[in-house]
Amino acid sequence: MKLNSPFLCLVLSVLLFSCTGNNSSSNKESSSETAINNELNKLLADTLPADKREDVEKQLSRQSSNATLPYKSVLHKMDSVIAVSDPDSIPVYWDRFLKMAPMTEKQYAFTAYILRRKAEHAYALKHYQQSFTFYNQSKEVFEKEHDSLKIGYNLVKMAQIQQIFNDYSGSEETLTDALVFLEKSKEANEYIREAINMLGIAYTGLKDYNQAIKYYSQAKKITDHPISQKIIENNIALCYLEEKKYDQAIAMFKTLYATDIVKKDTLTLAKVADNLGISKFRKDGSSGRELMEEALEIRTGQADKKGMVYSYLNLADFYASKNPALTADYAQKAHAMATEIGAIDRRLQALQLLATYGDKRYNQEYFRLNDSVDDFRQRIKNHFAKMRFDTEKERRKSLAKEVSQAKERIRNLIIGFILVGLIISIIVVYFMDRKKHKREKQQQKQEDEYRTEIRIAKKLHDELANDVFNTMTFAEIRDLATPGNKEILLDNLDKIYAQTRNISKENNNIDTGERYLDNLKEMLSGYGSDAINIIIKEIEGIDWLEIESSKKIVVHRVLQELLVNMKKHSKASVVLISFKKVDKKIQINYSDNGVGMGTDEHLRKNGLQNVENRIQSINGTITFDPTPEKGLKVNFAFNC
Amino acid sequence: MFKKILIAEDIDSIGLGLSTILEKFHNAEIVHAKYCDEAILKIRKANLDQVPFDLLITDLSFEADHRPTTLPGGEDLIKAVREHQPGLKIIAYSIEERGYKIRYLLEELDIDAFVWKGRESSGEVIRAIDTIYKSGEKYLSPRFNHILQPASLLEIEEYDIQLIKYLSQGLIVNEICEVFKTEGKSAKSISSIEKRINRLKLYFKARNTTHLISIAKDLGLV
């Protein structure tokens, strides 16, 4: 069985210089370039024989005129040096260049590129494991550059190496990964085609022929190269053959065999002829020999050793039941050639035939080789898997780290937002509350003022207007020339005057400064008389200076109103007003031994509503004695 | 007698009434000012002209109108006068009744007389002028005589309340004395406690101790 990769050679040349893209326009001889040039000259002096050095230097000076950019120029110089170097020392140069990478303006791109060149070099020398390692390293560096095209390319190459070691399941995984990267890039069509074709090969290797045919068909659809299409068709037909769908396989091979393009491409023609022959033989057990012999003839003519091995093996198969000696002969030939070109699987196949149809000795050799190959392949497979897995793990780790960092950032951001929101809403609520409070206070004040106005108006009407009217009537009907009448008139007017003075006094402004206590005491004593004793308890026990003005005014007014009320209605003879400070609270108790207000709620409302309002305006509390038959008792308190 | 008198008064009729009476009793030059700012300007001008006033009669309350003022009231005018012409005799002529205010004017601002605007007050102004001119003593309307002493209130302490409580619990004076002694209260002797009880009877208008307890009970003390 022969599986081919028709694209890779096309692709390689494109790639080699794709990373030398011109994205810098600096023409200056930068310091890093100087450093690199020094390093290069040293490299040349160290490694090249004198005669070759001259050539290279000439070439370099020619190139530097049109390649002055450090990164690009290093790449050019690199190729010039490599071109004339001894193949064995090339890896050493690569390593020197690798050390130069940090001096260039594109450290990662350069490092990854050199690693890939190392991989290619190892691949050419058939150091596949080494090559796989370098491709993998290169891929990791390209990942830092987020260059999905080159990551994808490296993965395809890695899959190819895996397939060389029959690690089909590994290559399937690698190719699936490669497609993820390649599909991100717009220039990756060729690599995608290659990857899909290789997936077909991988599934063939895994004996999942349905999948294989699916991928081959897909690859064929996106291929516009005619001979490539034919090779893919050959591969599809081989799948049918393996599935023992001989008619389908034979039909396809026949069509291919008759196609002009195939006829012109002799090696492909040999391949198709060989495959058609073996298909026919498998179907009826007798035909197909001519086709196989034709293929062997062509291959022998073209010295296609790999193809010849297949032909020998097929012919050995053909003669197995008819002429065992001939089978052994072909198997012998296949074994020799397979050993020569290092095709282990074919060698095993040949050994198996030899053991059956020739010398029994081969049996032993077969098992020995088979075991060691199995073992070797398993080891390689594990090695690849581990390397891929490690990288993957590394990538996952860093991805997980990124994700967790992003998560943390988002979380911090959210917390920040919540905090800011909270603070803003607290501030807003605070200000709104303050505004509301202010408005309420303003309203309260306005209401207070309004009530005061009403009270004064009522007083003017009730107390003053009547007296003024009476006096007017008196002046109208009496002869004021009479001294007695004049005296009465003046007395009446004096009474009225005193009443206006009282109204004024009750509504006068209150000094809230140092003389507040004097003023308060005077006001209190003003309501005392021979008939009424006003007793004060511990009024000095309170530091009036530290109490807010508005609260002092309320205390003054409330006591004044209580006393006015007392004088008018209570018939009390003793009034006790006691002051007390408990913690931060000022407590003031008023009590008299008058008639009290009775149980009439309405009466109380009228008389002391004002007092209540005033206390509430300073957030104070007021309680009236619940047993009001004996005098009036009012307690009020507020925070100082 | 005073030769040059300034009357600061915002109500025309009162100013006019005053000057009528002054002219009747004194032969003096009388100048009127309706604002405190105007008054202080006139005082300063007279000083500059070397014909200073020798008496200021001023109201305390001036009604505010459209004019912006630096001296809104009589109290401010008096303070300003004390700065520009400390020796000027001043009579405050006002309806102010608050004792502490009047005391403040007489004692702190050192005015010479306070005459309360009342029925007989124009005559009182003449009496005030006579008093301060002849004797140099201060004059105060008789109805305020009591206020020169700070308000005399009936004040009690927690101690008194305690005393009444013990009495209501049926303790006799001797026992109360003992209790107070153990509590370290000030009035320790029996006589001082008796004095206290008598004073409390007076304050609470009680005719005997029983009555005192009754009244205290009404007041919610016990």
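In the predicted model, Ile586(A) has Phe638(A) of strand E5(A) as its bridge partner. Strand E3 of chain A, residues 585-592, and strand E5 of chain A, residues 633-639, pair in the antiparallel sense over seven bridges. Both strands belong to an open sheet of six strands with mixed pairing, in which the order is E4(A)-E5(A)-E3(A)-E2(A)-E1(A)-E7(B). Helix H23 of chain A, residues 549-570, lies across E2, E3 and E5 of chain A and runs at about 10° to E3(A).

The sheet includes strands from both chains. Strand E1(A) pairs in the parallel sense with strand E7 of chain B, residues 154-156, over three bridges. Within this pairing, Ile535(A) has Leu154(B) in E7(B) as its bridge partner. Strands of a sheet pair through backbone hydrogen bonds, in either a parallel or an antiparallel arrangement.

The contact between the chains takes 26 residues from chain A and 22 residues from chain B. On the side of chain A that touches chain B, at least two residues each are supplied by helix H21 (483-506), helix H22 (516-526), strand E1 (533-537) and strand E2 (574-582). The largest share of this side, six residues, is contributed by H22(A). By residue class, the side of chain A that touches chain B divides into 12 charged, seven polar and seven nonpolar residues.

The two chains were also described individually. Chain A has 640 residues, of which 34% are buried, and its secondary structure consists of 24 helices and five strands. Of the contacts in chain A between residues at least 6 apart in sequence, 57% join residues at least 24 apart. Chain B has nine helices and seven strands, and 33% of its 222 residues are buried. In chain B, residues 24 or more positions apart account for 60% of the contacts with a separation of 6 or more.

In soluble globular proteins, nonpolar side chains tend to be buried together. The largest nonpolar core in the model has 97 residues, and those with the most contacts inside it are Val156(A), Ala195(A), Tyr312(A), Ala331(A) and Ala334(A). When neighbours within four places in sequence are left aside, Val156(A) is in contact with Leu175(A), Ala178(A), Tyr191(A), Glu194(A), Ala195(A) and Met198(A). A second, separate core has 45 residues, including Leu520(A), Val574(A), Leu608(A) and Ile213(B).

Helix packing was examined for one pair in chain A. Helix H7, residues 128-145, and helix H20, residues 361-477, pack at an angle of about 10° with their axes 11 Å apart. H7(A) and H20(A) are therefore roughly parallel to each other. From H7(A), the residues Gln129(A), Phe132(A), Thr133(A), Asn136(A) and Glu140(A) meet Ile380(A), His383(A), Phe384(A), Met387(A) and Thr391(A) in H20(A). The residues of this contact comprise five polar, four nonpolar and one charged.

Helix H7 of chain A also contains Phe142(A). With 26 other C-beta atoms within 10 Å, Phe142(A) is buried. Although Phe142(A) and Ala112(A) are 30 residues apart in sequence, their C-alpha atoms are 5.8 Å apart in space. Apart from neighbours within four places in sequence, Phe142(A) is in contact with Ala112(A), Asp147(A), Lys150(A), Ile151(A) and Asn154(A).

Lys126(A) is found in the loop between helix H6 (107-124) and H7 of chain A, and Lys126(A) is exposed, with 10 other C-beta atoms within 10 Å. Gln50(B) lies in the loop between helix H2 (36-48) and strand E3 (55-58) of chain B. Gln50(B) likewise counts as exposed, with 6 C-beta neighbours inside 10 Å.

Note on methods: Residues are numbered from 1 along each chain as its sequence is written. Chains are lettered from A and ligands numbered from 1 in the order in which they are written. This is a predicted model: local features need pLDDT of at least 70, side-chain atom pairs count only at pLDDT 80 or more; totals for chains, interfaces and linings use all residues. Two residues are in contact if their C-beta atoms, placed from the backbone, lie within 7 Å. Helices (H or I, at least four residues) and strands (E, at least two) are DSSP runs, numbered from the N terminus. Ala, Val, Leu, Ile, Met, Phe, Trp, Tyr, Cys and Pro count as nonpolar, Asp, Glu, Lys and Arg as charged, and the others, Gly among them, as polar. Two strands pair if DSSP finds at least two bridges between them. A residue is buried if 20 or more other C-beta atoms lie within 10 Å of its own, exposed if 12 or fewer, and partly exposed in between; C-beta atoms are placed from the backbone. Axes are lines fitted to C-alpha atoms, for helices over the stretch in contact, and angles run from 0 to 180 degrees between N-to-C directions. Angles under 35 degrees count as roughly parallel, over 145 as roughly antiparallel, 65 to 115 as roughly perpendicular and the rest as oblique. A nonpolar core is a set of buried Ala, Val, Leu, Ile, Met, Phe, Trp, Tyr and Cys residues joined through C-beta atoms within 7 Å.
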